[in-house]
Each structure stands twice: as structure tokens, then as C-alpha cells.
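These are my notebook entries on a structure that I went through chain by chain. I set down what I looked up, in the order in which I looked.

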Amino acid sequence: MDTMLDPTVLQTLWFALIGFFFLAYFVLEGFDFGVQMNVGAFWRRGDAARGTVLKTVGPVWDGNEVFLITGGALLFAAFPEWYASLFSGFYLALLLLLLVLIVRVCAFKWRGKVDSARWRTSWDIVHVLGGFAPALLWGVAFSNIVAGVAIDENRWVTTSLVGLLNPFALLGGVVFVLLFWLHGTLYLTLKVTGELRAAANRLAGILVWPTILAGAAYLLWYQLAHSHAGWTWVPLLIAAVALVAVVPLNRLRREGLAFTATVAAISASVVTLFGGLFPYVLPASNTPAHSLTVANASSTEHTLTVMLVALCILLPLILAYTFWAYRVFRHRVTDEESDLPGSALLEKAKAGYREAFEQE
Amino acid sequence: MEALDIARWQFGITTVYHFIFVPLTIGLSLLVAVMQTTSVLSKDPVRKDAWTRMTKFFGSLLIVNFGIGIATGIVQEFQFGMNWSEYSRFVGDVFGAPLALEGLAAFFLESVFLGLWIFGWGKLPEKIHLLTIWAVAIGSTLSAYFIIAANSFMQHPVGAMLNPETGRAELDPSQGSLWAVLTNVTAMAAFPHVVSGAWLVAGAFVTGVASWHMVRHHNRARDIGLETPEGEEHHHAARDLYRPVVRFGVIAMFISAIVLVVSGDFQAQIMFKQQPMKMASAEALCETETGASFSILTVGGPNAFSENCDDVTHLIEVPYVTSFLATHTFDAELQGVNDLSAQYQEQFGETVTDVHGQEIAVDYRPNLFVTYWSFRLMMGLAAFSGILAFWALWVTRGKGENARTTGSKLFQWFAVLSIPMPFFANSAGWVFTEMGRQPWVVHPNPDDPTIRLMTTQAVSGNPGWMVATSLIAFTLVYGVLAVIWFQMMRKAALKGVPLPKRDPDSDELDTPTLSFEY
């Protein structure tokens, strides 16, 4: 029991790295989900407005999703037992998640490929689903990971899908939805102009209140009932302060700072969840001895070392070109694109595009 | 059906489905990169105009295809844990590493730079923008490399030891560790084979689509008459726009054919050493033979292929060929399925304990029907590409003003018919190599057979109805998406490129600026 709760430095570091990949995934893909939810929120503004909303994440959502794909693979490499028990144990929940992730990728890639309003409307429905459903499912899944599930002696999870839908997990699902929705709405205020920008500002002002309430209830519940650490009060408070700060920042139209605040709130929440989970990775709620821990679910020290070297070489490169991509597409997306530097070029490009793809 | 069978069906369906799109992405991203390079480097305005249009045309097809490849790839990674948790526990220490490297080195590169390529037209300088499509091409090829390295560990485990304490395969520095996994001879043979298979898919695709348009414009020009400006336009489209691309695709097919044959030959040799059972079942070779022949047609009784090997009759045979394929000598002795089966029973036992702790009998023979025919299908379907390549080369022969195009409807339809054939050949190859490995999921390395795992020992403990639910759900969603994908590809391919217009005053072409949007 003792060795099982006593991980090495390398194992602890890898636990933190897995946490980092999920943190990056939730911060980045979080606003993609929120932007997709706003396809629904701004539905009545029409086809063109929905297109503008989606265009704000067009160049970057794909790279954001890779944080999940790579995070999943790193989980497999560093903690094979965690990966095996978690993925086989949360089978039906993951199945639902995978199905919505699949159709949402197609919605992004295919929405604009056929010039028909009906076609785009159909994919917009998928977009709304593709924003809400994954956020909800991630919330439910993560809450169950940190709160623990029933595990038998084969390390097979015995909690059923209905068991996963417990009150704490459902609250987690609601919190993830609200938080990402707010996050994506604030992202929109940064990326669009005019009437749409004002609408996003108003929506953020409304969304922030239920987010604060549900978020506070969820994190306090977690900290008091499930957390294995006391120090996570610190990130918990940071998350709370950041979330409350959104209220005045959004009112003052300090859009950059307001968005930074939700980045901080999501980051601090993920740190709270992962920090409180340590030294477990999947606690057993029935028999504590069946728990999967950082120490007993990991790969060998040798494998962890090799993968750490690979990560140290590749991660800076990835961060560098991802950052560059965000810089290239840092401008606001407008219907006319007229206030952009180099807009003449873009006009020419659009004319060329129309000529090529819309006319026979 | 039990959970095991359903899980196997699911893996087969999702993997074959995923691998419809992946080879086209790998091959086409490279070919589009070459097209754009040609366009950027061309001094001649007509040539530059033609290749710019073609880059856009095939680029838009690439984007449609890319999305579904990514979407189905997520399932691939997750289902190891979902359906094959005991496999994941057994090999995770080794197998997870190449998967993680695939994400770190390849997926980020592909997706970030694809975004830059699609949205960066007109925003990035021309040369930088050209580099982004090369990054996409390199990224997609790298991802193939890492996934082949991972798969090769299942075919021929290296770089690891069995830890008797944990019962797991673990990377071992004394065995060469991750480096040995990444330079596994099995991977070195399979990687060029898979990538050149992808080039064949893309080459046949490009030649097929371009041929269809070339014939169409050729006939339009002939019907209208070359003297009219419109007829001249169609003549230009057939000869200067599509004809070079038809030939470009043929070059890609020829290069891929050479790499396919050389790497395939090398693969057969190592397969003979590493997995003799797979080689024997590829030929449905029941008894050990010296100078084994290669059969083209084989029949058997109702149970011949799966149950009773003695029922098999080879009708048409080419002598010595199988022995030659395996060893490069005509009179080599090849062990038959029956002998190997007896040998394995002695070495690895007649029963195995499955994940539920039950002792079950083991059949060491793969499904002979599937291995025999998938092996032949893989090679036989390549004939379509061969005929297409030579036919296309012949009808487009000549140079400069004598450069020919054709109006042959027969050629046009054959070109279109040839497009799906390399896709099927790719699928058949994967079905062969994975089904031929059964009953193993990790085939023992003959030099050190301690690391080995049977498929019955690899599956998750989930009940059959659960796995069946996901099989049905994935199959339905995939089916719908396949229909949409096909319609979109068809529509985009039929559209062709807009014909260039010449400004009568300045004599300049209206070469479009490259741009895509959502």
C-alpha cells in the first residue's frame, strides 16, 4: 500500500505532463467548443453570422484537438495501466464522445464545401451538438476519474454508465459546458467586430453568473469530498478569483483581460483536479487497494526517461510553430475583411476563389 | 458472437475504413506539394498558370479527404484501450512510445500546417506558403512511419524483454530499446511498402481524374472546332492543363511500382523467416514442399480453408515461384501449414488461458481463405494501375506541338474505373498481414519467443452487447460519412478547373491567386 502511494520523481513529472496536455487541450479546445455552442446561441443571426463565428477558429481548432490525440498517446506510453482501465472502463461514455468528435471534425471540414444554405444549416446543427456534447461528456468523465469508480481485482472498472452519471459528475458536466461556453464567447469578443462583437459581450455578461455559481459549488464539493491534497485550495481560489474578475472586465470591455481570466480559471481548475487526484490516477471507490496510482500504473523508469527526452526535443518545436500559426491568424474576422492590413491582397484572393469554386 | 469476435470485427472495419482515406492523404499531399513547387518555380506563364490551377484543384480534394482521415484516426488510438485493454497493459511500455511520437512529431505538424496552408494563401509570402504544404506532406509520411514501427512490434517484437514480475513486455536498453523498435527490420521493409502504396493510390487518383477531364475537353474541342476561340480554349485545357497532370500521375505510379516491388520482395523474405505460418497460408501450402509453386486458382471443399487443409486443390500453378518469393532460390524447402501447426503446438502449448481465466484450445492456423485471397487480391489489383499507366502514356505521347491527347471514351472510363483499385489493394494488404498473424496479436520473435500474446488474451473484459453497440454505432456513422465523402469528392472532382482567359490587350493570363476558405 505504501509503495503504491509513493511515486518516483520521474513518475510524478509524467503525471504533471499528462496534466499539462489536458490543461492545454481544455484551454485551447475549450474555446472551440464554446464557439461552436455560439453557433446555436447566435442561430437567429443567420447563415452568414454563423459562418463568421466558425471562421474565428477555422485555422486553429485542428491543431488544438491534437493536444487530445497526443495527450491520449502519451497517457498510453507513460501510464499503460491507467489508459487500459480508463478506456475500457468508461466504454460507453467514450463511445459517445468519439462519435461526436468524429462528426464535429466533418462539420468543420465540410460545412463550406457545398454551396447550399440547407447543407450549411445541417452542419451547423452538428456544430452545436459538437460544442455541447463533448464538453458535457468531458466534465462527466473527469469528475468520475477524480472522484473514483469501482474497480475489481483485474483492474477492470465495474461502474456502469448509469453509475457514471452520479450527481457530482453531472454537476461537473454542467460546469464544463458553462465554463467553455463563457470562454468561447469571450474568445469571440476578441475575434469579431461590430454587432456580433457586442452580442458576444452581452452573452458573456449573462453566462458568467451561472458559471461562477456552478463552478464554485463543484470545486468546493470536490475539494471537501474527493481531493487528496490541501494545497489545491490555492489553485481553487485562483480559479474563483479569475472567474469573478470576468464580471468587471467584461463590463469594461477589457476583452483581452477577460479572456485571459477564463484561461486562468480553466487552467487553475485543471490544476485543482489533477493536484487533488495525486498520487492516484484512478481511485477505487470500493476497495482502496485496487486503486490505480501514479506509482503502480506507469511504464518503467527507462521508458519514462526515453519519452521525456523525446518530449523535450519535440515540444518546444510544437509550441513554437503553434504560436507562429496563432500570430499569422491573429486578426479579427469580419464579414468584409476590409480593416485588415493587406486586405487588398485578400480581396484579390477571394475573387480568385469565387472564380475557381463558385462559377462553372 | 462473443466480445472477442465483435471486437475483432470492429478493429477490422474501423481500420480498413480509416485506411481508405489515409493513403490518399499521404500520397496526395506529396503530389500537391510537388504541383505547387512546379507552379512556384515555373518561369513560363502558361505553365505556371496550369500548375497553379491544378494545385488548387487537387488541393481542394485533399482537404475534403483530410478531414475524415483525422476524424477516424481518433477512434484508432482510443480503441486499443477500449477493446484491447489487456493488450494495452501487456505492450503499453513499448507500443505507447511510437504512438506518442506519432502525435508529437507528425500530427501537430500536419494539422497546424494544414491550417496555415488553407488559410495562409495571400497572407504568407509565396515561398513560406509553399513550405507549409511540404510540412503537411512530411507530417503525414512521418505518421505512417511511426504507426508502422508500432505495428511491426506486433509482427516481430524487438528492443524489449518480458518482465516476469509484471508479466509485461518492457523496453530494454540491452536490447536496443526504443531505437531498436524504430529501426525494426520489419518496419524498414513495411514502411516503404505502405508509403509507396499510398503514392500508387494518389498517382492513380490524379491520373484517373485528369484523364477524365482531358478526354472531355478533347472531345469538346473537336465538336466545336479548333478554329473558334471556345474550341481553342478546350484544346488548351486538354493539352496544356490536364495532359501534363495525367503524365505526372503516371510518373508517380511508376516510381511507386518500383518501390512496391522491391520492398514487397524484401518483406516476403523476412516474412518467411519471422512468420513462416503467414507465408504458408498465403499460398495455402498445407504440406511441407521443396520448390513450392505459386497457385493462381485454388478450390476446396466446404471446410477446406478454415478447417481441413487436406481438402484444398490447387488448379493452376506456377512452379517454384513461392520458394523463390521466400528465399530467392527455386528449390527451397517451405514448411506447410500442418507441420508448422504441430510444431507450434509443441512449442507454445495446445491450450491458452483467455482473459476470463478459461483454458481454451488454440488453432495456430490463420484463416486460409482470407490470407490466400487477400494476398492475391493485393497483387492482382495492381494490374489495373499498370494498364492505366501504360495506356495513359501511350495516348499522351509526343512533344511540343505534336503532344497528343485522346478522345477515347473507353480510355476515359477505364481511367475512372482504375481509381478505386489501389485503395482495394491497400486494404487487402492490411487484411493479409493482420489476419495472417492470427492467432497472435503479438507474434513471437523466432530468436527470442518470450514476448508473445494471443488475440484471445488481449481483449477487454467488457460484455459482448457493449462491444456490439459500439460496432453498430461506428459502422452506421462511418457508413453515412462514407456516402457524404464520396458525393463531395465526386462533385469536387467533376468540377474541374475554370479555363484560363487571356486578356486580349496585354496577352496576359488571369492566373488565380491561391485561396481557400470555409
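**Entry 1: the contact between the chains.** I first looked up the contact, to which chain B gives 64 residues and chain A gives 68 residues; two residues are in contact if their C-beta atoms, placed from the backbone, lie within 7 Å. Helices here are DSSP runs of H or I with at least four residues, strands are runs of E with at least two, and both are numbered from the N terminus. The largest share of this side of chain B, 22 residues, is from α3(B). Sorted by class, the side of chain B that touches chain A holds 37 nonpolar, 19 polar and eight charged residues. In this sorting Ala, Val, Leu, Ile, Met, Phe, Trp, Tyr, Cys and Pro count as nonpolar, Asp, Glu, Lys and Arg as charged, and the others, Gly among them, as polar.

**Entry 2: conventions.** I note that this is a predicted model, in which local features need pLDDT of at least 70, side-chain atom pairs count only at pLDDT 80 or more, and totals for chains, interfaces and linings use all residues. Residues are numbered from 1 along each chain as its sequence is written, while chains are lettered from A and ligands numbered from 1 in the order in which they are written.

**Entry 3: chain B as a whole.** I find 15 helices and 10 strands in chain B. Its radius of gyration is 25 Å, close to the 24 Å that the globule rule gives for 518 residues, so chain B is as compact as a globular protein of that length. The radius is taken over C-alpha atoms, and the rule is 2.2 Å times the number of residues to the power 0.38. The C-alpha trace of chain B spans about 85 × 50 × 45 Å along its principal axes. Of its 518 residues, 54% count as buried; a residue is buried if 20 or more other C-beta atoms, placed from the backbone, lie within 10 Å of its own, exposed if 12 or fewer, and partly exposed in between. Among contacts in chain B between residues at least 6 apart in sequence, I note that 76% join residues at least 24 apart.

**Entry 4: chain A as a whole.** I find 13 helices and two strands in chain A. A compact globule of 360 residues would have a radius of gyration near 21 Å, and the 21 Å of chain A agrees. Along the principal axes, the C-alpha atoms of chain A fill a box of roughly 70 × 40 × 35 Å. Buried residues make up 54% of chain A.

**Entry 5: one helix of chain A.** I checked α5 of chain A (residues 91–110), whose 20 residues should span 28 Å at 1.5 Å a residue; its end C-alpha atoms are 28 Å apart, which agrees. The expected span is 1.5 Å times one less than the number of residues. In α5(A), 16 of the 20 residues are buried, so the helix is largely enclosed by the rest of the structure.

**Entry 6: the nonpolar core.** Which residues touch the most other members of the largest nonpolar core? They are Phe58(B), Ala100(B), Ala202(B) and Val206(B), in a core of 283 residues. The largest share of this core, 22 residues, comes from α3(B). A nonpolar core is a set of buried Ala, Val, Leu, Ile, Met, Phe, Trp, Tyr and Cys residues joined through C-beta atoms within 7 Å.

I then followed Ala202(B), found in helix α6 (residues 185–224) of chain B. Ala202(B) counts as buried, with 27 C-beta neighbours inside 10 Å. Beyond its neighbours within four places in sequence, Ala202(B) has contacts that include Leu24(B), Leu31(B) and Ala252(B). For Val206(B), with the same exclusion of neighbours within four places, the contacts include Leu31(B), Phe58(B) and Ala252(B).

**Entry 7: backbone details.** I recorded a cis peptide bond between Phe278(A) and Pro279(A), with omega about 5°. Pro279(A) is in the loop between α11 (255–277) and β1 (280–282) of chain A. Ser177(B) has a positive phi of about 50° although it is not a glycine, and Ser177(B) is buried, with 21 other C-beta atoms within 10 Å.
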